[in-house]
There are 2 protein chains.
Amino acid sequence: MRRVAVTNFGNTKFSRDDTPIESLLLSATKSLFDQTSNLSQKDIDVVLVSTNENSKYLAAILSELSGIAPRISHTVENLCSSGTNAIVSAYSYIAAGLGNVALVVGADRFDSPGQILEWDKSRGEYKHPIFWASIFTKSYKRAYNVSAENLAIISVKNHRNAKDNPNAFSNKTYTVDDIMNSKNLTEDLRILDCSRPCTGSSAVLLTSEDLAKKFTDIPVWVKGIGQKTISASFTKNQNFNHMNSTKDAARIAFSIAKLKQNDVDVAEIHDAFSVCEPMIIEDLGFAKKGEGLRYSKSLYETFDRKINPRGGLIGAGHPLGATGVAQTTEIVQQIQGKAQKRQIENTNVGLVHNMSAAATSSTVLILKS
Amino acid sequence: MRRVAVTNFGNTKFSRDDTPIESLLLSATKSLFDQTSNLSQKDIDVVLVSTNENSKYLAAILSELSGIAPRISHTVENLCSSGTNAIVSAYSYIAAGLGNVALVVGADRFDSPGQILEWDKSRGEYKHPIFWASIFTKSYKRAYNVSAENLAIISVKNHRNAKDNPNAFSNKTYTVDDIMNSKNLTEDLRILDCSRPCTGSSAVLLTSEDLAKKFTDIPVWVKGIGQKTISASFTKNQNFNHMNSTKDAARIAFSIAKLKQNDVDVAEIHDAFSVCEPMIIEDLGFAKKGEGLRYSKSLYETFDRKINPRGGLIGAGHPLGATGVAQTTEIVQQIQGKAQKRQIENTNVGLVHNMSAAATSSTVLILKS
C-alpha cells in the first residue's frame, strides 16, 4: 500500500460573513497555493469538496475557478464530519493508485442547511442539536456529579486557546462567571457552552509518498484511520454518557497506526458543546470514564494546549463542512512547527476527532511526522 | 493492490412516484439483499449514497434503516455522474484496505434539485440542460450533415431496448415519425429526444477479491477506471461536437484495463439527449468522428443491443444520482447472464460511461468477468 501524507494547508478566517460558497472554497484554495511552493494546478488530480450546502457540482466549479482539471472531483457530505470523510476519501484514492495529489477543501456558511437533521424524529419537536446536547449534558452531570460551573471550564479554556488563533471566530476570553451568565438556551446549556455556526473554509493537500517532499520538508503521514457509523438517530445511543462511535473509531485508528494514547502530543476533538470535550477525551482513551473533565481542567490550569489548541469548535467556530479539514490543518501546523503562538513543543504525533449528529458517527485520524 | 469486484445488484422501477428519498434508497437496498445469498448486514463496512437530493446524512440514515453499522458512510454528489463517482470511491476504499464490502446506493426523485446547474452563467437565461443539448445538436447536425430524422433513430432504438427492461420508465415503442411529431422544446429538440426526469434507485455491492466468491459465482471485476473534469461551464468545451472529458476518461480506463474498444461486448452510455449517443460512441473510440450515428443505426437495424441494452437514459429514465449505478447494474447483469430478455450472448467485457453537465466531467468504467 502506498503511504499518503498531508503536506500543506490553507485557511480562511471564520466569520459571520455572507460569502457565497464558491468564493469560500476558492479562498481556502488560494491560501493553500500561497503557502505551497512548487505546486502547480497541473499537479492536482483529485479535488474533493466537503460541505453541507445545497449547491451542486461544487468540486467541478472549484476546479474551474482555480484552473485545475482533475481526474476525480466530487462533493462529500456527512453532516459535521464531512471534512474528515473527504480527507479519508482522498487518502483512499491515493492509496489505491487512482491519484497522486489531492486537494480537499471544506466550507460552509453560518446559515448552512446541515445544522438541523430534519430526519431524526427521535428528537420530536426539538430538531436543533442543542436538544441532544442538553440530554447528554444532564446525563453526564448526574452520572459523574458534575456541575454547570465545572463544565464551563471547557469553554473558558477553548476560548483562551482561540485567542491565539488568528482565524478563530472568537477572539474574546471569558471567565466561568461569564459562561454562567451568558444567555440560557435550555435548562442545561448556555450560549457560551455551544460552538457557533459560522462562515469559513479550510483546505489540505494530500500526496503519495514519492511526491510529498516536493511540496514540504515535513510530510505529515496518515498513520491511522478509524471510522464508525452507529445510527442516524441520537436516541439509538444506549447511554448518553458514552459516544460509542468514537470508541470504535479510536480503537480502529490506534490499532492501524500501531500507536497508543500516550504517544499523542496534540489532539483536535469535536467539542460541539462543552460536555462533548470530556466525553470524547474519555472515549478516545485519554482518561478513564468520568475523569475527562478533570483532564481538561488540568490542561487549563497548566496552560497546556494539548487538546484543541486552535480553540476547538467552541472557540474557533463551527462551519460544518470546514471543521474536520480545519482540525486537520491545525494538527499539520503543530507537527510542522508552523502553529506560531499556539505551537506545542516537540510535537510528533497528532489526532483528529470529528463526529456527526450526537456522535452517531465518528472519524479518528492519527497523523505523524 | 487488492482487486475489487462488483458482485451483486438491486433495482427499483423508475417512475414519477412521489416516494421520499429515504424510502427509495431502502427499496434498492432491499432488492439487493433479496437477490444476494450469504449477505448479512454485518458484512458491510462501507455505505455510500449517491444523490442530488438536499437531504443530509443519507448514508447514515440508510444504514440505520437497513440495520447496517458501517465503518465508512457518506454521500457523494457530482450531478448526473454521482453514481459512478460513488462506485469509484467504494472501489478505492476497498483497494486501499479501509473496507471489504461496500454498498453503493444511488437515488433521485423526478423533482431533484440537480436538474439545473444554477452556477453555470455561461448558459445565460437558459439554465435547463436542454439548452446545451440544443447547441450540441445544432453543431453536430451542421458538422456531419445529419438531419433531425437521422438523430431520431437513437430514441427509437433506446425505447425499443427499454421495452424489455421491467424497471424502465418507458414501456412504449416509437417510430421516427413519433419522435418527429412529439412536442418541440427547442428548435432542435423534441421531448422524445430527451431523457426524462424520474424517481428511482439502484444499488451495487463491491467486495475485495477474497470475499467476492462468497456472494456470487461470477464476480465482475473492475478492470479500468477513467475520470476527467474539464470545467463546470459547458462553453469551456471548445468544440460542441466533442466531449473532451469523455475522450480523456476512456483513454485512461482502457489503458489501466489493458483492453481495447474491440474487446467490449456491451456498453451503457450516457444518452441524456439523442445527440449524446453518437458523440459518446465516437469519443469512446467505438467509431470514427462523425460515424457514431451510423454505428447506432446499424445496431438498430440488426437488433443488436450492444449500446444501451436497458434502454439508456432516454428509454429507462434518468433519476440523476441513480443513473450511474443503474448503468453498472445492467453491465453486471449482462456479464453474469442475468439480463433476461435483454441478454447479449457471450458477454465478457462491459463498459459504463456516465457524465455530468454537458460532459464537463466524465467517468468510464471497464468491467470484466
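At what angle do the axes of helix α5 (residues 148-162) of chain A and helix α10 (residues 292-301) of chain A cross? They cross at roughly 45 degrees and come within 9 Å. Axes here are lines fitted to C-alpha atoms, for helices over the stretch in contact, and angles run from 0 to 180 degrees between N-to-C directions. Helices (H or I, at least four residues) and strands (E, at least two) are DSSP runs, numbered from the N terminus.

This is a predicted model, in which local features need pLDDT of at least 70, side-chain atom pairs count only at pLDDT 80 or more, and totals for chains, interfaces and linings use all residues. Residues are numbered from 1 along each chain as its sequence is written, while chains are lettered from A and ligands numbered from 1 in the order in which they are written. Chain A has a mean pLDDT of 96, and 98% of its residues reach 70 or more. pLDDT is the predictor's confidence in each residue, from 0 to 100. For the complex, the predictor gives an ipTM of 0.98 and a pTM of 0.98.

α5(A) and α10(A) are oblique to each other. Angles under 35 degrees count as roughly parallel, over 145 as roughly antiparallel, 65 to 115 as roughly perpendicular and the rest as oblique. The crossing of α5(A) and α10(A) is left-handed: the near helix is turned anticlockwise from the far one by less than a right angle, whereas clockwise would be right-handed. α5(A) brings Asn150(A), Leu151(A), Ile153(A), Ile154(A), Val156(A) and Lys157(A) to the contact. From α10(A) come Leu293(A), Ser296(A), Lys297(A), Leu299(A) and Tyr300(A). Contact requires C-beta atoms, placed from the backbone, to lie within 7 Å. Seven of the contact residues are nonpolar, two polar and two charged. Ala, Val, Leu, Ile, Met, Phe, Trp, Tyr, Cys and Pro count as nonpolar, Asp, Glu, Lys and Arg as charged, and the others, Gly among them, as polar.

Next, helix α1 (residues 21-34) of chain A. Its axis and that of α2(A) come within 10 Å and cross at roughly 55 degrees. That makes α1(A) oblique to α2(A). The crossing of these two helices is right-handed. Ile21(A), Glu22(A), Leu25(A), Leu26(A) and Thr29(A) of α1(A) meet residues of α2(A), including Leu58(A) and Ile61(A). The contact of α1(A) with α2(A) has seven nonpolar residues, two polar and one charged.

α3(A) packs with helix α12 (residues 320-336) of chain A at about 60 degrees, their axes 5 Å apart. α3(A) supplies Ser82(A), Gly83(A), Thr84(A) and Ile87(A), and among the α12(A) partners are Gly321(A), Ala322(A) and Gly324(A). This contact of α3(A) with α12(A) holds four nonpolar residues, seven polar and no charged.

Now the two chains. Their contact takes 51 residues from chain A and 49 residues from chain B. On chain A, α2 (58-66), β3 (72-77), α3 (82-95) and β6 (220-229) each supply at least two residues. α3(A) gives the most, with seven residues. The side of chain A that touches chain B divides into 24 nonpolar, 20 polar and seven charged residues.

Chain A can be laid on chain B with an RMSD of 0.0 Å by a turn of 180 degrees and a shift of 0.0 Å along the axis. The superposition is by least squares on the C-alpha atoms of residues with pLDDT of at least 70 in both. The two copies are thus related as by a two-fold rotation axis. Of the interface residues of chain A, 96% are also interface residues in chain B, so the copies meet through the same surface.

Technical notes
Contact = placed C-beta atoms within 7 Å.
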